[in-house]
Amino acid sequence: MPHGPAFAVKKTSKVYLHTDIEGVAGYVHYYSMSASLWNFHHVQRMNRLLTGEINAAALACKESGVKEVWVNDSHGPCYNILFEELDPICRILHGRPGHAPSWLPGLDESFDAAIAIGMHPKAGTPNAVCNHSLWHLTDALGITHRFSETVMAALLCATRKVPLVAVSGDQHICREISEWIPGCRTAEVKTSLGIQFANSLHPLAAQALIAESVREGLSQVGSIPLPQITGPFRLNVSDRDPDKKELPADLCGDSLWELMHQVCNTLYAKFGETESVDDRTWRYPDSVFSPRKSP
Ligand SMILES: [Zn+2]
């Protein structure tokens, strides 16, 4: 794979690689709860495609002089990435984040840049593959923004002074990122044509595009501005329907980082509390193979 010179060795020694799966080239619908062989193979294939895109980004980091890449496996069961197939430059955050902050765990000011791979469009985006999740964020001026998870991730990174330098996904997420974070490189690895229909690049072409955007983003790391938004904030979230908020009332606060975790804590988990794990029902990642209903 051709690549440019190593850039900014000192500026970017540690990179945070945030991941999701719905924006990966080749991914057009969620896996089902079926224990069928077809579904089993589907999950393996999608995880392999995801892993390929992440590895392309990690290798581009390495070529650019990065010394350490932290990969955040954050889709569904948070145990999707074939970690053993990644370059050894990577370490990974994966498993059950129910008792720990699930948004960008471990991110702090020691990171020089962030990258987001496999990002999906926000809920309500017409004809967009697996569009879901929409964050209603009201700022100090009383303006309510409707952000995707990716823009929220960029805002959270900014609270830790970490610029988001490259994003991959479909045309919708790439456009939203370009509007909010000028300078962040985007790799449009597929064109959404419907909620379960897309025109995807071949995996190798998608990986090459991602690598290029990562190299470019890292080369410009010092000039990519951190997105600015001023609190106090009000925050709520929609899942599939952009007009149906999950919380009965917005949560309020001055720290976006704290507020984001407070919302997730309220909705999904009890961060900070000791977890009891039933090993018999948790032998396999639940949303794929367990006979239990998804939460
Ligand atoms: Zn996901």
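Two strands pair if DSSP finds at least two bridges between them. Strands (E, at least two residues) and helices (H or I, at least four) are DSSP runs, numbered from the N terminus. The structure shown is a predicted model, in which local features need pLDDT of at least 70, side-chain atom pairs count only at pLDDT 80 or more, and totals for chains, interfaces and linings use all residues. Residues are numbered from 1 along each chain as its sequence is written.

**View 1. The open sheet of 7 strands.** The strand order is S3-S2-S1-S4-S7-S8-S9, and the pairing is mixed. S3 (90-93) and S9 (197-200) stand at the edges with a single partner strand each, so one side of each has no neighbour in the sheet. From one strand to the next the twist averages 20°; angles run from 0 to 180 degrees between N-to-C directions, and axes are lines fitted to C-alpha atoms, for helices over the stretch in contact. Strands S4 (residues 113-119) and S7 (residues 164-170) run parallel and are joined by 4 bridges. Ala-116 has Val-167 in S7 as its bridge partner. Helix H4 packs on this sheet and touches S4, S7 and S8 (185-194), its direction making about 145° with that of S8.

**View 2. The crossing of H1 and H4.** The two axes come within 8 Å and cross at roughly 35°. The crossing is right-handed, meaning that the near helix is turned clockwise from the far one by less than a right angle. Among the residues that make the contact are Leu-49, Ala-57 and Ala-60 of H1 and Ile-210, Val-214 and Leu-218 of H4. Residues are in contact here if their C-beta atoms, placed from the backbone, lie within 7 Å.

**View 3. Val-214 in helix H4 (residues 203-219).** Val-214 counts as buried because it has 30 C-beta neighbours inside 10 Å. A residue is buried with 20 or more other C-beta atoms within 10 Å of its own, exposed with 12 or fewer, and partly exposed in between. Apart from neighbours within four places in sequence, Val-214 is in contact with Ala-57, Ala-60, Cys-61, Ile-115 and Ala-166. The C-alpha atoms of Val-214 and Ser-168 are separated by 9.5 Å, although these residues are 46 apart along the chain.

**View 4. The open sheet of 4 strands.** Here the order is S6-S5-S10-S11, with antiparallel pairing. S6 (144-147) and S11 (251-253) are the edge strands, each with a single partner, so one side of each is left without a neighbour in the sheet. The twist averages 25° from one strand to the next. S5 (residues 134-138) pairs with S10 (residues 233-238) over 5 bridges, and Trp-135 stands opposite Val-237 in S10. Helix H5 (residues 256-267) lies across S10 and S11 and runs at about 160° to S11.

**View 5. Backbone details in three loops.** Most residues other than glycine have a negative phi, and most peptide bonds are trans. Cys-78, in the loop between S2 (68-73) and S3, has a positive phi near 55°. Cys-78 counts as partly exposed because it has 19 C-beta neighbours inside 10 Å. Leu-104, in the loop between S3 and S4, has a positive phi of about 50°. Leu-104 is buried, with 25 other C-beta atoms within 10 Å. A cis peptide bond with omega of about 10° joins Gly-231 and Pro-232, and Pro-232 is in the loop between H4 and S10.

Definitions and conventions. Two residues are in contact if their C-beta atoms, placed from the backbone, lie within 7 Å.
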